[in-house]
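Here is a short briefing on one protein chain. Look at the structure first, then read the points below.

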Amino acid sequence: MGHHPVFKAVKFALFAVVASVVLGFLVKGLWNALMPPIFGWHMITFWQGLGLFVLSKILFGGFHRHGGRGGNRWRQRMKERWEQMTPEEREKFRKGMRCGRRPFAQSAETQI
């Protein structure tokens, strides 16, 4: 029963609604507890708190997933690439990382 797509969609929608309500009240409560006493700004409503949260996610955080399995895939891919490099390529990579440049930038410059 838990694998049906409609059930998953309803579960996701319910989770999104509950999370939105909780986050809206959380932002509203934090704002109203901190900003008016510190800066003398006005108190905000639930909808303004929810809007402020969404705006901050768009401007600063995005709505992508954090952590999870993606980091392990990236680490594994980098390990495989490292193992395929020759000792000279590894040293060139290290030097490039220390200088803040892309590791193989010199080879691209010599081609121009």
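Helices here are DSSP runs of H or I with at least four residues, numbered from the N terminus. G29 falls in helix 1 by that numbering. Keep in mind that this is a predicted model.

**The chain as a whole**

- The chain has five helices and zero strands.
- Along the sequence, the pattern reads α-α-α-α-α.
- The chain has 112 residues, and 13% of them count as buried.
- Take the contacts between residues at least 6 apart in sequence: 19% of these join residues at least 24 apart.

**Helix 1 against helix 2**

- Helix 1 covers residues 5-39, and helix 2 covers residues 46-61.
- The two helices pack with their axes 7 Å apart.
- Their angle is about 100 degrees.
- Angles of 65 to 115 degrees count as roughly perpendicular, so helix 1 and helix 2 are roughly perpendicular to each other.
- Which residues of helix 1 meet helix 2? They are S20, V21, L23, G24, F25, V27, K28 and W31.
- On the helix 2 side, the partners are F46, G49, L50, L52 and F53.
- The residues of this contact divide into nine nonpolar, three polar and one charged.

- Is N32 buried or exposed? Its relative accessibility is 15%, and buried means under 20%, so N32 counts as buried.
- Set aside the neighbours of N32 within four places in sequence: N32 is then in contact with P37, M43 and I44.
- A polar atom of the N32 side chain lies 2.8 Å from the backbone nitrogen of I44.

- G29 is partly exposed, at 36% relative accessibility.

- Side chains of opposite charge can pair when their charged atoms come close.
- How many salt bridges are there? The count comes to one.
- The salt bridge joins the side chains of R94 and E91, at 3.5 Å from N to O.
- The cut-off for such a pair is within 4 Å, so the R94 and E91 pair qualifies at 3.5 Å.
- Where do R94 and E91 lie? Both are in helix 4, which covers residues 87-99.
- R94 and E91 are three residues apart, so about one helical turn separates them.
- R94 is partly exposed, with a relative accessible area of 34%.
- E91 is partly exposed too, with a relative accessible area of 32%.

Technical notes
Residues numbered from 1 in each chain as written. Predicted model: local features only at pLDDT ≥ 70, side-chain atom pairs only at ≥ 80, totals over all residues. Heavy atoms only, no water. Buried < 20%, exposed > 50% of the residue type's maximum accessible area, 1.4 Å probe, protein only. Axes fitted to C-alpha atoms, helices over the stretch in contact; angles between N-to-C directions. Parallel < 35°, antiparallel > 145°, perpendicular 65-115°, else oblique. Contact = heavy atoms within 4.5 Å. Nonpolar A, V, L, I, M, F, W, Y, C, P; charged D, E, K, R; others polar. Polar contact = N/O pair within 3.5 Å; in protein donor to acceptor, adjacent residues only side chain to side chain.
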